[in-house]
Amino acid sequence: HVKLEIYNILGQRVALLADEEQDARFHEKKWQAPVSSGLYFYRLEAVSTEDPNKSFVQVRKMLLLK
């Protein structure tokens, strides 16, 4: 199960790009950002459906320029 969320600098979620079952391979998501330029964070969480104890969580910052 994969969840991809985007947060603003205040920690408020501004977008949910994925919340679904996906197979293990490369995926691409496009964000049509209805927000202003600035610093944002994305949070990627992946949990194995076979073993819920196996999970991956990553938070990274990104700069949106319009």
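**Salt bridges and pockets**

A network of salt bridges ties together E5, R13, R43 and E45. The model is a predicted one. Side chains of opposite charge can pair when their charged atoms come close. In this model the count of salt bridges is 5.

R43 pairs with E5, with 3.9 Å from N to O. The cut-off is 4 Å, so this N to O distance of 3.9 Å is within it. The two partners come from distant parts of the chain, 38 residues apart. R43 sits in strand β3, residues 38-47. E5 sits in strand β1, residues 2-7.

How exposed is each partner? E5 has a relative accessible area of 5%, so it is buried. R43 has 26% and is partly exposed. The limit for buried is under 20%.

Now turn to E20 and K29. Their side chains form a salt bridge at 3.4 Å, N to O. Both ends are partly exposed: E20 has a relative accessibility of 33%, and K29 has a relative accessible area of 39%.

Next come R25 and D23. Their salt bridge has an N to O distance of 3.1 Å. R25 is exposed, because its relative accessible area of 56% is over the 50% limit. D23, at 46%, counts as partly exposed.

What is the volume of the largest pocket? It is about 320 Å³. The lining of this pocket has 13 residues, and those closest to its centre are L4, H27, E28, K29 and L44.

β1, β2 (13-20) and β3 each give at least two residues. β1 gives the most, with 3 residues. How does the lining of the largest pocket divide by class? There are 8 nonpolar, 2 polar and 3 charged residues.

The second largest pocket has a volume of about 190 Å³. Its lining consists of H1, V2, Q22, D23, A24, R25, H27, A46 and V47. By class, these residues are 4 nonpolar, 3 polar and 2 charged. D23 and R25 are in this lining, and their side chains meet in the 3.1 Å salt bridge.

Definitions and conventions
Residues numbered from 1 in each chain as written. Predicted model: local features only at pLDDT ≥ 70, side-chain atom pairs only at ≥ 80, totals over all residues. Heavy atoms only, no water. Helix = DSSP H or I, 4+ residues; strand = E, 2+ residues; numbered from the N terminus. Buried < 20%, exposed > 50% of the residue type's maximum accessible area, 1.4 Å probe, protein only. 1 Å grid on protein atoms, 1.4 Å probe; cavity = no way out; pocket = protein on both sides within 12 Å on 5 of 7 lines; lining within 4 Å. Points joined across faces, edges and corners; volume = space filled by probe spheres on them. Nonpolar A, V, L, I, M, F, W, Y, C, P; charged D, E, K, R; others polar.
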